[in-house]
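Me: Please take a close look at one part of this model: a packed pair of helices. Then set beside it whatever else can be said of other helix contacts, individual residues and backbone geometry.

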Amino acid sequence: MVKSSPTLALGVLFTLCLVSAQAPPGFDFESTCTSLASTLSGSIPNTTVFFSSLIPAGSSITFPDTDPSCQAPGSSQIVPVDTCRVTMAVSTSDQGSGIQMETWLPRNWTGRFLSTGNGGEAGCIQYGDMAYGSTLGFATVGANGGHNGTSGRAFLNHPEVLKDFVSRSIHTNVVVGKQVTEMFYGVPHTKSYYLGCSTGGRQGLKSVQDFPDDFDGVIAGAAAADYNHLQGRNGNFFLITGPSNASTFLSVSQWVNIVHPDVLKQCDGIDKVLDGIVEDPALCDYDPSGLICEGNSTVNCISEAQAETIRKVFSPFFIKGQFAFPRVEPGTESLPQLFASGTIFGLTANWFRFVVFSDPNFDVNTLGPDDWELAQELDPFNVSTFNGDISTFKNRDGKLITYHGQADQLIAPGNTPRYYEHVLRTMGLDFGQMDEFYRSFRISGMGHCSGGVGAWEIGQTLGAVAGSVLPGGDGLSPDRNVLMAMVRWVEEGVAPDTILGAKFVNDDPDEGVQFSRRHCRLPMRNTFVGGNSTLPESWSCR
């Protein structure tokens, strides 16, 4: 459903100088869009085209056919530029599996193609990312991961649906989306890109590992790589904390109001700046001993058993003595949903019920090390996504950027440099050789994919295009926009040394920038060199 909007908060985009459209002379955007559905019907194998429709710039569209768990009631998406929206279904096997996908084709096409990803176990097209890509002139695709809704129940006894989730959905929507793009504009795309975070980050790495020809440039944020061990780690928190009535359990209030201030007291100043940001939490060796109650005091303090819980939460995850996953970093406890619910984390419960044991009634409270081990042994369709040999992608001149928020409360920030170092060792490269095709950035104070106390807006979301509030109106500058940095690297050979992030006042671009900070690529660390800490020039990568 479409409704027109007379104003557009992102109107600054119309003044930006993007690459000129690549469609051939005489191309009629409106009539081609109107007739596209009938043109496509029967032209792409195993594909049903539902409709193609012209979305005028500034329109607000709703998604009444989307699973209710994917969209908040009454939610809508502004489409900032004239866009031809195409909706399709593609069969992926003869076992009843398939994907729902969309291709958004902008009038201001740059010749570029972009795939978006998914999140969690969700079968939800991320329409904000679709709007972002098409607004920047990319022919943009998104898919539902092979199932509808945010639950993994669809995986139960349906291996083909699971295969779509692991990798086939992204690959299929890229193959089909590129065909649709060429049939619409009359010429093929020039360069192909990917942008995703969390599960979307894992999907990006999976494309690099298994489908190296799909993309010229891949941006994978906070990737859920080493997926089975991640699920085991998430489940293990329940073994550490116990239920909410256990002596070892800490409530959300205790994590937020007692533990978090103490973490900042011990670790915020490591970078010589007291700003509420643990710049590099890997340097923080937090000790909760000072919080243990003394005498008869029971206010703003914790027990020895609770202190031991904190130590275990902030420790790496081992399975039967073998390292399996990096630790939760100090600084993430202000959003402690992984270890403050008194139950097994929901996504992990789903994974073991619907995939590992194929039993929706399985008692997840009995999970333990044998089960974490079993999940990794099964590794369905190589969902682990931890192959360190990406030489085929490298040899075809592909470029990879990974990033990870250092205050990520859901996926350990250390997992991204861990994969980077795994590639380095597996392929026998040094840092200079890695820099030629793979760069990884630590984003201080960023939560899971976005948000947080740091300068977290790096061009990974639609909010980045509100460039008028940034110095010089440069929200799309490759120096501060990770997507445009990738474009410059692929198309001009200029690789990003840093990514300049912005923290908006109240996280609202309309209220202006609170501060900016450059984020460093591995193996360098951000170091305060003096002056006003809110200015990027007061920091240096060393």
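Reply: Helix 5 crosses helix 8 in a left-handed sense (the near helix is turned anticlockwise from the far one by less than a right angle; clockwise would be right-handed). The model is predicted, so local features require pLDDT of at least 70 and side-chain atom pairs pLDDT 80 or more, whereas totals for chains, interfaces and linings use all residues. Residues are numbered from 1 along each chain as its sequence is written, and side-chain values rest on heavy atoms, without hydrogens or water.

The two elements of this crossing are helix 5, residues 227–241, and helix 8, residues 346–356; their axes lie 9 Å apart and form an angle of about 120°. Helix 5 is therefore oblique to helix 8 (under 35 degrees is roughly parallel, over 145 roughly antiparallel, 65 to 115 roughly perpendicular, and the rest oblique). On the side of helix 5 the contact is made by Y227, N228, Q231, N234 and G235, and on the side of helix 8 by L347, T348, W351 and F352. Contact here means heavy atoms within 4.5 Å. By class, the residues of this contact comprise 4 nonpolar and 5 polar residues, with no charged residue; Asp, Glu, Lys and Arg would count as charged, and Gly counts as polar. Axes are fitted to C-alpha atoms over the stretch in contact, with angles from 0 to 180 degrees between N-to-C directions. Helices are DSSP runs of H or I with at least four residues, and strands are runs of E with at least two.

A second packed pair may be set beside the first. Helix 1 (residues 29–40) and helix 3 (residues 159–185) have axes that come within 9 Å and cross at roughly 130°. These helices are therefore oblique to each other as well. In this case helix 1 passes helix 3 in a right-handed crossing. From helix 1, the residues F29, T32, C33, L36, T39 and L40 meet V180, M183 and F184 of helix 3. The contact of helix 1 with helix 3 contains 7 nonpolar residues, 2 polar residues and no charged residue.

Helix 9 spans residues 369–378 and includes P369. This proline has a relative accessibility of 39% and therefore counts as partly exposed (buried is under 20%, exposed over 50%, partly exposed in between, with a 1.4 Å probe and protein chains only). Residues up to four places away in sequence aside, P369 touches L239, I319 and K320.

Two residues with side-chain polar contacts are buried. S59, in strand 3 (residues 59–61), has a relative accessibility of 2% and so counts as buried. A polar atom of the S59 side chain lies 2.7 Å from the backbone oxygen of P56. R521 is placed in the loop between strand 16 (513–520) and strand 17 (526–528), and its relative accessibility of 13% makes R521 buried. The side chains of R521 and D435 are joined by a polar contact of 3.1 Å. Apart from neighbours within four places in sequence, R521 is in contact with D435, R439, S440, F441, P496 and D497.

The loop between strand 16 and strand 17 also holds P523, and the peptide bond joining L522 to P523 is cis, with omega about 5°. Most peptide bonds are trans, and most residues other than glycine have a negative phi. K272, which is not a glycine, has a positive phi near 70°. K272 is located in the loop between helix 6 (252–267) and helix 7 (304–313), and a relative accessible area of 70% makes K272 exposed. T385, likewise not a glycine, has a positive phi of about 55°. T385 sits in the loop between helix 9 and helix 10 (391–395); at 0% relative accessibility, T385 counts as buried.

Finally, D94 lies in the loop between strand 5 (83–91) and strand 6 (98–106). With 71% relative accessibility, D94 counts as exposed. The side chains of D94 and Q95 form a polar contact of 2.9 Å (N or O atoms within 3.5 Å, one able to donate a hydrogen and the other to accept it within protein, with residues adjacent in sequence counted only if both atoms are side-chain atoms). The C-alpha atoms of D94 and H229 are 31 Å apart, and the two residues are 135 residues apart along the chain.
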